[in-house]
Every structure is written in structure tokens, then in C-alpha cells.
Amino acid sequence: MKYAKASPADLKGIVEILIKNYNIKTRKEALRIAKEEISKGYHYLIAKDKGKIVGMACWSMQGQNIDWCIVQE
């Protein structure tokens with residue numbers, strides 16, 4: 001398994017993780033949410049296994065606090 005900071009090319013895999021782990025019904029909605037989080041300053045780390053994104057962690061600085069989320073396939 002490899003870990004890396006997500007790039008724009010990883011959005012498709014992030015969308016799939018969001019759909020599988022949250023109450024999100026469509027890929028369009030998941031893509032909108034991911035782009036919205038990125039615009040708010042969230043960062044994504046992804047875990048890839050055999051070229052497929054199987055997990056991710058995202059975070060954002062909120063003043064002196066860090067807001068985290070971690071999900072996996």
C-alpha cells in the first residue's frame with residue numbers, strides 16, 4: 001500500500017470512497033462535496049493498493065484546532 005497527498009487526478013477515487021462511506025447518493029454530489037471541501041482548505045491524503053484508492057484522510061486547520069476525517073473502503 002502506498003500513501004500520498006491527493007492530486008486532482010485522484011478525485012474520481014475520492015468520490016468513490018465518499019459514496020461508499022457517507023450518505024451520498026450520486027457521483028455528481030460527491031464530486032461537488034469534495035471540490036467544496038478543497039475550496040474550504042481541506043487537504044486529502046490517500047491510500048492506494050494496486051493503483052486503487054482504498055482509503056483517505058482529510059484535514060483542515062480550524063484556528064488552532066485540526067478537523068480530521070478518516071475513511072477506508
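**Entry 1: a charged pair.** Which side chain meets that of Asp10 in a salt bridge? I found that it is the side chain of Lys48, with 3.3 Å from N to O. For a salt bridge I asked for a side-chain nitrogen of Lys or Arg within 4 Å of a carboxyl oxygen of Asp or Glu. This pair links distant parts of the chain, as Asp10 and Lys48 are 38 residues apart. Asp10 sits in the loop between S1 and H1, while Lys48 belongs to strand S2 (residues 43-49).

Before going on, I noted what I was looking at: this is a predicted model, in which local features need pLDDT of at least 70 and side-chain atom pairs count only at pLDDT 80 or more, while totals for chains, interfaces and linings use all residues. Residues are numbered from 1 along each chain as its sequence is written, and side-chain values use heavy atoms, with hydrogens and water left out.

**Entry 2: the setting of that pair.** Is Asp10 buried or exposed? Asp10 counts as buried, at 9% relative accessibility. My cut-offs were under 20% relative accessible area for buried, over 50% for exposed, and partly exposed in between (1.4 Å probe, protein chains only). Lys48 is partly exposed, with a relative accessible area of 31%. I then looked for what touches Asp10, taking contact to mean heavy atoms within 4.5 Å. Leaving aside neighbours within four places in sequence, Asp10 is in contact with Lys5, Ile46, Lys48 and Ile53.

**Entry 3: the overall layout.** I counted two helices and four strands in the protein. Helices (H or I, at least four residues) and strands (E, at least two) are DSSP runs, numbered from the N terminus. From the N terminus on, the order is β-α-α-β-β-β. S1 covers 2-5 and H1 covers 11-21, with the loop that holds Asp10 between them. The protein has 73 residues, and buried ones make up 33% of them. I also looked at contacts with a separation of 6 or more: residues 24 or more positions apart account for 39% of these.

Entry 4: How many salt bridges does the structure hold? I found four. One of them joins Glu36 to Arg32, whose closest N and O atoms are 3.3 Å apart. Both residues lie in helix H2 (residues 27-39), four residues apart, about one turn of the helix. Glu36 is partly exposed at 35% relative accessibility, and Arg32 is partly exposed at 46%. Glu36 also meets Lys40 in a salt bridge (3.6 Å, N to O). The shared partners join Arg32, Glu36 and Lys40 into one network. Lys40 counts as exposed, at 56%.

**Entry 5: helix H2 and what follows.** H2 has 13 residues and reaches 18 Å from its first C-alpha to its last, close to the 18 Å expected at 1.5 Å a residue. The expected span is 1.5 Å times one less than the number of residues. Gly41 follows H2 and has a positive phi, near 100 degrees.

**Entry 6: the core.** Which residues touch the most other members of the largest nonpolar core? They are Ile14, Leu18, Ala30, Ala34, Tyr44, Ile46 and Met56, out of 14 residues. H1, H2, S2 and S3 each supply at least two residues of this core, and H1 gives the largest share, five residues. By a nonpolar core I mean a set of buried Ala, Val, Leu, Ile, Met, Phe, Trp, Tyr and Cys residues joined through side-chain atoms within 4.5 Å. In soluble globular proteins, nonpolar side chains tend to be buried together.

**Entry 7: two last stops.** Lys50 is not a glycine, yet has a positive phi of about 55 degrees. Lys50 is in the loop between S2 and S3 and is exposed, with a relative accessible area of 81%. Gly55, by contrast, is buried at 6% and lies in strand S3 (residues 52-62). Gly55 and Tyr3 are 52 residues apart in sequence and 9.3 Å apart in space, C-alpha to C-alpha.
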